[in-house]
Amino acid sequence: MKNTLVILLIAVAAVANGQSVEVIKVPDLQQLMEQESEEVQVINFWATWCAPCIKELPYFEKARESYADKIKVHLVSLDFADQLEKVNRFASRKALKSNLYLLDNVDYNSWINKVDPSWTGAIPATLIINPKTGKRKFVESEMKEEELNAIIKELLTKS
Amino acid sequence: MKNLNILVASLALLVFFAGRPTGSGYEVGDKVKDFSLKSVDGKMVSLADYKTAKGFIVIFDCNTCPFSKAYLNRIKALNDKYADNGFPVIAINSNDSKRSPGDSYKEMVKYAKKNDYQHPYLYDEDQSVATRFGATNTPHVYVLKKTGNEMVVDYIGAIDNNTKDADAADKKYVEDAVDALLKGQKPGVTKTKAIGCTIKWKEA
């Protein structure tokens, strides 16, 4: 009985704390963008210091629930790698459930065009890909919830 | 009545464009229009004040952005290295102080003093200079070279290729550009992307 309670407590704590942040490199990001999948991939670039990014994070979290099984949401933090603890604390406070990464590469000009050639380097920025149809959409600005959902719906449609 | 409609439509367009920079701005090779902005010492600064300058390292910068903070010492070092060679640094803060209170003129004065700025740090209060340049992020660099009586853009973009660690940067875009210009050559790399915080534009 006591053991069950402990396990239950740990489980509750884990759910409340959300995901932990995985530090990734550019090839990992590329893999994320190029992987074959039935699901539409939503990749959002953000940082803990970016107020408009934080404002739109709940929309991604909500979309993740509304389109469960149809999309995968990846939140890629561009905080510096020595800020990992801060990003983890933030993720846990906000109980983020999406896949969380910190992209550790500050030579931005070496990879930013791979995400999208039109990206000037500002965040928030979001790339949404349908690996089945090959369709992709890149948005370099803060999105409203309806905007995000409209793009997801558009990419979910076949052809 | 029809005319009135056109007038209203034009006004609406005008408001739209005034509220948001259009994404245009200077490209490499463009001539730069001079400006007059207040620096942290209270004096107005124009490019034309620098009679002996061969060019400028104009940097859109601010107090609050983590990227600007990471580059703070490198920006000061660029001025130390190149001001006496005729390419002084001119830093400009264009952030709206309503949206970013830490970037008000008062805070700029404090920040420049605390960090012992030797270069001018100008307040682009109405954001017209950032808009004209097409600056989007901080820090965002424009290297200008005096050509005849004009200032011409020769490089646009980032300072180097390692935001976090100056020693680890193996591509020093701005230094390479200025070094080339000092030798009378064209920079090898004329445009990179200046990753950083977005300039905080006034709410329309």
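I count two strands as paired if DSSP finds at least two bridges between them. Helices (H or I, at least four residues) and strands (E, at least two) are DSSP runs, numbered from the N terminus.

**Entry 1. Ground rules**

This is a predicted model, where local features need pLDDT of at least 70 and side-chain atom pairs count only at pLDDT 80 or more, while totals for chains, interfaces and linings use all residues. Residues are numbered from 1 along each chain as its sequence is written, and chains are lettered from A and ligands numbered from 1 in the order in which they are written.

**Entry 2. Chain B, overall**

I listed 5 helices and 10 strands for chain B. Next I checked burial. I call a residue buried if 20 or more other C-beta atoms lie within 10 Å of its own, exposed if 12 or fewer, and partly exposed in between, with C-beta atoms placed from the backbone. By that count, 39% of the 204 residues of chain B are buried.

Then I turned to contacts, where two residues qualify if their C-beta atoms, placed from the backbone, lie within 7 Å. Among chain B contacts between residues at least 6 apart in sequence, 73% join residues at least 24 apart.

**Entry 3. The sheet of chain B**

In which order do the strands of the open sheet in chain B stand? I read E1-E9-E8-E4-E5-E6-E2-E3, 8 strands with mixed pairing. Strand E1 (31-32) and strand E3 (44-45) of chain B are at the edges with a single partner strand each, so one side of each has no neighbour in the sheet.

I followed strand E5 (residues 89-93) of chain B. Strand E4 (residues 55-60) of chain B runs parallel to E5(B), and 4 bridges join them. One pair I looked up is B:Ile59 with B:Ala91 in E5(B). Strand E6 (residues 121-123) of chain B is also parallel to E5(B), through 3 bridges. There B:Asn93 has B:Tyr123 as its bridge partner.

B:Tyr123 turned up again: it is the bridge partner of B:Lys38. Strand E2 (residues 37-39) of chain B and E6(B) run antiparallel, joined by 2 bridges.

How many residues of E5(B) are buried? I found 5 of its 5. B:Val89, B:Ala91 and B:Asn93 point one way, and B:Ile90 and B:Ile92 point the other way. In a regular strand the side chains alternate between the two faces of the sheet.

**Entry 4. Crossovers and helices of chain B**

I checked handedness next. A crossover is right-handed if, with the strands pointing away from the viewer, the path from the first strand over the helix to the second runs clockwise. E4(B), helix H2 (residues 66-82) of chain B and E5(B) form a right-handed β-α-β unit. The crossover from E5(B) through helix H3 (residues 105-114) of chain B to E6(B) is right-handed as well.

In H3(B), the buried residues are B:Met108, B:Tyr111 and B:Ala112. Down the helix axis they fall within an arc of 95° (taken from the directions from the axis to the C-beta atoms), so they line one face of H3(B). Their cover includes E5 and E6 of chain B. On the other side, B:Lys106, B:Lys113 and B:Lys114 are exposed. Just after H3(B), B:Asp116 has a positive phi of about 55°.

I also looked up B:Asn79, which lies in helix H2 of chain B. Is B:Asn79 buried or exposed? It is buried, with 20 other C-beta atoms within 10 Å. Setting aside neighbours within four places in sequence, I found B:Asn79 in contact with B:Pro88, B:Val89, B:Gln118 and B:His119.

**Entry 5. The sheet of chain A**

Chain A has an open sheet of 6 strands in the order E1-E4-E3-E2-E5-E6, with mixed pairing. Strand E1 (22-24) and strand E6 (135-139) of chain A stand at the edges, each with a single partner strand. Strand E5 (residues 125-130) of chain A pairs with E6(A) in the antiparallel sense over 5 bridges. A:Leu127 stands opposite A:Phe138 in E6(A).

**Entry 6. Where the chains touch**

Last, I checked the contact between the chains. It takes 10 residues from chain A and 14 residues from chain B. The chain A side divides into 6 nonpolar, 3 polar and 1 charged. Here Ala, Val, Leu, Ile, Met, Phe, Trp, Tyr, Cys and Pro count as nonpolar, Asp, Glu, Lys and Arg as charged, and the others, Gly among them, as polar.
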